[in-house]
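This briefing goes through one protein chain by topic. Have the sequence and the 3D view open while reading.

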Amino acid sequence: MNNYFSIGKLVSAHGLQGELLVRHSLGKRSSLKGVTAIFLEERKNSFIPYFLQQVTVKDAEHVYVRLEGIDSKEAAQKLLPGQIYLQEEDFKAQTASSSPLALLGFTVEDAHHGLLGTVEEVIEMPMQVLVKVQIKGKEALLPVNEQSLVKVDHKKQVVHLDLPEGLVELYTQG
């Protein structure tokens with residue numbers, strides 16, 4: 001089974017030809033060069049490919065895309081607001097290694113508790129980034145910021161954190 005990673009979302013329909021404005025979190029300007037299809041999640045864990053016909057860069061976080069079979073403003077609007085996913089291989093090629101999204105799939109290790117789990121989702125918020133990890137079957141949101149981040153080992157795909165005292169216990173007790 002393929003792994004799919006969310007890179008952003010469809011923001012709005014653009015023009016009358018079915019173009020869509022996409023806001024992405026790739027951490028760099030991108031024309032999605034080399035990507036043939038993006039995926040939209042129709043139902044939970046059911047990803048439908050949409051083939052890219054044209055991509056135009058708007059700025060560092062936005063691109064306009066034209067998708068095969070979407071040729072009117074109405075057709076484009078039916079897809080809104082949708083999360084956009086790439087297959088793992090395309091995701092890794094498109095994401096800047098400095099982008100928080102690049103942490104998806106990495107293992108999280110805490111200085112006091114050791115191995116905690118795998119990053120399932122990256123939530124970017126103003127002033128900080130949260131990573132979602134399953135700890136003993138419970139969903140935990142862990143901060144990745146100047147205080148908690150020790151280092152990111154890109155080679156071994158490990159995020160080393162030194163989390164505030166009591167935070168891991170919030171998720172593991174009870």
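The UniProt record, in an unreviewed entry, lists residues 7-89 as "domain: RimM N-terminal"; UniProt positions are given in the numbering used here, feature names are shortened, and annotations may be inferred rather than shown by experiment. Over residues 7-89 the chain is 10% helix and 55% strand, with the end C-alpha atoms 13 Å apart. Helices (H or I, at least four residues) and strands (E, at least two) are DSSP runs, numbered from the N terminus. This is a predicted model, in which local features need pLDDT of at least 70 and side-chain atom pairs count only at pLDDT 80 or more, while totals for chains, interfaces and linings use all residues. Residues are numbered from 1 along each chain as its sequence is written, and side-chain values use heavy atoms, with hydrogens and water left out.

**Aromatic pairs**

- The structure holds 4 aromatic pairs; rings of Phe, Tyr and Trp (its six-membered ring) pair if their centres lie within 6.5 Å, and planes under 30 degrees apart count as stacked, over 60 as edge-to-face and the rest as tilted.
- Phe-5 and Phe-91 form a stacked pair, because their ring centres are 4.6 Å apart and their planes are at 25°.
- This pair links distant parts of the chain, with Phe-5 in strand S1 (residues 4-14) and Phe-91 in helix H2 (residues 88-94), 86 residues apart.
- Both Phe-5 and Phe-91 are buried (under 20% relative accessible area; exposed is over 50% and partly exposed is in between, with a 1.4 Å probe and protein chains only).
- Phe-47 and Tyr-85 form an edge-to-face pair, because their ring centres are 4.8 Å apart and their planes are at 70°.
- This second pair also links distant parts of the chain: Phe-47 is in strand S4 (residues 46-59) and Tyr-85 is in strand S6 (residues 83-87), 38 residues apart.
- Phe-47 is buried at 18% relative accessible area, and Tyr-85 is buried at 12%.
- One aromatic cluster is formed by Tyr-4, Phe-39, Phe-47 and Tyr-85.

**Backbone features**

- A cis peptide bond joins Leu-80 to Pro-81, with omega near -20°.
- Pro-81 sits in the loop between helix H1 (73-78) and S6.
- Leu-32 is not a glycine, yet has a positive phi of about 55°.
- The loop between strand S2 (19-24) and strand S3 (37-43) contains Leu-32, which counts as buried at 5% relative accessibility.
- Gln-157, a residue other than glycine, has a positive phi near 55°.
- Gln-157 is in the loop between strand S12 (149-153) and strand S13 (158-161), and is partly exposed with a relative accessible area of 29%.

**The largest pocket**

- About 1100 Å³ of space lies in the largest pocket.
- On a 1 Å grid over the protein atoms alone, a cavity is a set of points where a 1.4 Å probe fits but cannot get out, and a pocket is an open set with protein on both sides within 12 Å along at least five of seven lines; lining residues have an atom within 4 Å of a point.
- Grid points are joined across faces, edges and corners, and a volume is the space filled by probe spheres set on the points.
- The largest pocket is lined by 36 residues, and the closest to its centre are Ser-6, Tyr-85, Leu-104, Glu-120 and Glu-121.
- S1 gives the largest share of the lining, 6 residues.
- The lining divides into 14 nonpolar, 12 polar and 10 charged residues; Ala, Val, Leu, Ile, Met, Phe, Trp, Tyr, Cys and Pro count as nonpolar, Asp, Glu, Lys and Arg as charged, and the others, Gly among them, as polar.
- The largest pocket lies between domain 1 (4-94) and domain 2 (101-172), because both give residues to its lining; the domain bounds come from an automatic or database domain assignment.
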